Amino acid sequence: MQAKFPGKLLPYIFLLPTIIICGLFIYYPAAMTFRTSMYQSLFFGARQRFVGIQNFTRLLTSPNYLRSMGITLWFVFLVVAIGLSLSLLIAVLLNRKLHAAKALRVALVWPYALSPAVAGTIWLFLFNPHSGLVNYLLDLLFSNKPDWFSHPTLALTMLIVTSIWNNFGYNLVFFLAGLQNISDSFMEAAEVDGASFWRQLFHVTIPLLSPTIFFLLVININYAFFDTVGMVDVMTKGGPANATNMLIYQLYKDGFQNFNSGLAAAQSLILFVFVVGLTLLQFRTTGRMVHYGS
Amino acid sequence: MAVDVTGRVNPTRARRKKALGTALVYTVLFLLLVIIAAPVVFAVIKSTQTSQQVLQYPPMLTFGKSALANFKAALIDYGLGKNMLNSGLIAVIGSSGKIVTALLGALAFVYFEFPGKMLWFYFVLLTLMLPMPVIIVPLYNVMAKLRWVNTYYALTVPYLASATGVFLFQQHFMSIPQSIVDAARMDGVGPVGFLVKILVPMSTNVIGAMVVIQFIYLWNEYLWPLIVISEPAKQVVQVGLKILSGGGAQGVQNWGVVMAGALIVAVPPLVILLVLHEYFMAGVGLSEEK
């Protein structure tokens, strides 16, 4: 408990900028999202007609939208599952007092500063079927030069690889820090007990790392769900044949290319359901994480 | 630590195993750093080649002589230089604004008693549940009503509140010893003086971390600028890069220029991260001295 300054009006004055911005640019549009989601836009948004929950029923019965949701969830799952387990595994292998630890963290974490659009642009050329590095290596190893952009699974794979690369070092740095916090005595006890590598990983390391895992889960899910919109726009534009058409990209197209704001608002609310779940996970963990930083 | 059958630690075996492990660890680490850096190194090499060299197969992996021409084309011919200035302005104003409003908010929450305090705290915190995509359609309409479409107000003002910032500063202020506040009040320092002279100097780690996180976040924003800015001269770098990688107005893709563009866009957030990495690591809880 901190000592207080007197003043009834003063705290409101300090809070005023935050309250006005949250109210006008976050809560008001959020409330309007509910309203807009019940209208249909006609003539490219020139007229609005009340349709109740029709936008939602239209979305949730549309094979295209459900396919987009399936692709998004599959993509998020793969990015998070592969990205996190790979970085955790490598972190466990690397876990010891390392020389030049500070420089090493910087050497690992820097791709975090690159936007998904920048990462996407660089990998767009790496995956170039004719002169990219990826197909050159595949040609050397397997005499195979696939066309990444015209095959649905390959196009999605491309986005998954780029996303994992973008976050890999960041995840690894957090896992290494988390492992350093686990007392050596736990690990030694497990080794003396003769626990195998995998047993030790699943029964000792992962439970003790759970705060870090939760934190990275939230960050990575959020990244794969929302931030990748720039990557998709640069690399595949949702194609081929909508195979990489993520929910957020569909929302952008419906809202701002087809000008169907009602349908887009309904999609926003569907995304909101996912965000609520994610935020509950976040509240479970931020308290702990922020405690680390204080 | 290696343990023999009798359950005692065998020192020679343990040492040998450790030395071998260390060599392996540094090898893995070295390979990892190479794999992580490879795409960007490739982009750097390609950004120096002519439009013919860049498309050679097998790929030409040595530096060419067109670096100057490619970077100049990206910056001037494709207007990425102008986009850089726009993004820089937005990121600097936006992140400083966020830090100021968050400091003031945390000051109110930690050092004052007022009715409805918890309510207002949740009012701020729950905005975390409403990220841009959830509110983007009506937010655009708000911008239209304010006549802020195609202005930098649209790219800065809606970002100026930061729930994360308020929360980070609030946690940090609560860890500051109460005696410091008492001493300040004894000296007759008011709340604003207290914030400027005592809290801010004691919060450099958190402020540094906020600068890194918010600058990178704002510089990397993609969807909102794409929607709310349609004049090319006012556009931000991320969207400028998309236009460049799509061949720009000319519609011809020169991969050397595209790679130069991607690198240009990557440099400012990388510099911020490298210069302020100690604050960033400390602020997100990765410092050694815990």
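# A guided tour of chains A and B

Begin by selecting chain B, where buried residues (those with 20 or more other C-beta atoms within 10 Å of their own, against 12 or fewer for exposed and anything in between for partly exposed, with C-beta atoms placed from the backbone) make up 44% of the 290 residues. What you have open is a predicted model, in which local features need pLDDT of at least 70 and side-chain atom pairs count only at pLDDT 80 or more, while totals for chains, interfaces and linings use all residues. Residues are numbered from 1 along each chain as its sequence is written, and chains are lettered from A and ligands numbered from 1 in the order in which they are written.

**Chain B as a whole**

Colour chain B by secondary structure, and you will find 14 helices and 0 strands, where helices (H or I, at least four residues) and strands (E, at least two) are DSSP runs numbered from the N terminus. The radius of gyration of chain B, taken over C-alpha atoms, is 25 Å, well over the 19 Å that the globule rule (2.2 Å times the number of residues to the power 0.38) gives for 290 residues, so chain B is more spread out than a compact globule. Along the principal axes, the C-alpha atoms of chain B fill a box of roughly 80 × 75 × 35 Å. If you display contacts, meaning pairs of residues whose C-beta atoms, placed from the backbone, lie within 7 Å, then among those in chain B with a separation of 6 or more, residues 24 or more positions apart account for 75%.

Next select residues 80–111 and 237–245 of chain B, which are helices α3 and α12. Their axes, which are lines fitted to C-alpha atoms over the stretch in contact, with angles running from 0 to 180 degrees between N-to-C directions, come within 8 Å and cross at roughly 160°. That angle makes α3(B) roughly antiparallel to α12(B), a term used for angles over 145 degrees, whereas those under 35 count as roughly parallel, 65 to 115 as roughly perpendicular and the rest as oblique. Show side chains here, and you will see B:Leu80, B:Asn83, B:Met84 and B:Ser87 of α3(B) meeting B:Val237, B:Gly240 and B:Leu244 of α12(B).

On the α12(B) side the meeting residues are B:Val237, B:Gln238, B:Leu241, B:Leu244 and B:Ser245, and on the α13(B) side they are B:Val258, B:Gly261, B:Ala262 and B:Val265.

**The nonpolar core**

Of its 157 residues, A:Val118, A:Ile122, A:Ile248, B:Ala74, B:Val212 and B:Ala262 touch the most other members. Helix α7 of chain A, residues 152–181, gives the most to this core, with 14 residues. Centre the view on A:Ile122, which touches B:Pro39, B:Val40, B:Ala43 and B:Ala262, leaving aside residues up to four places away in sequence.

**Chain A**

In helix α7 of chain A, pick out A:Val161, which is partly exposed, with 18 other C-beta atoms within 10 Å. Then select residues 247–256, helix α12 of chain A, where 8 of the 10 residues are buried, so that this helix is largely enclosed by the rest of the structure.

**Backbone details in the loops**

Finish with the loop between α11 (229–235) and α12 of chain A, where A:Pro240 lies and where a cis peptide bond with omega of about -5° joins A:Gly239 and A:Pro240. In that loop you will also find A:Ala241, whose phi is near 50°, a positive value in a residue other than glycine. A:Ala241 is exposed, with 10 other C-beta atoms within 10 Å.

In chain B, another cis peptide bond, with omega of about -5°, joins B:Tyr57 and B:Pro58, and B:Pro58 lies in the loop between α1 (11–46) and α2 (67–77). Last, select B:Arg147, which has a positive phi of about 60° although it is not a glycine, in the loop between α5 (132–145) and α6 (152–156) of chain B.

Key
Contact = placed C-beta atoms within 7 Å. Core = buried A, V, L, I, M, F, W, Y, C linked by C-beta atoms within 7 Å.
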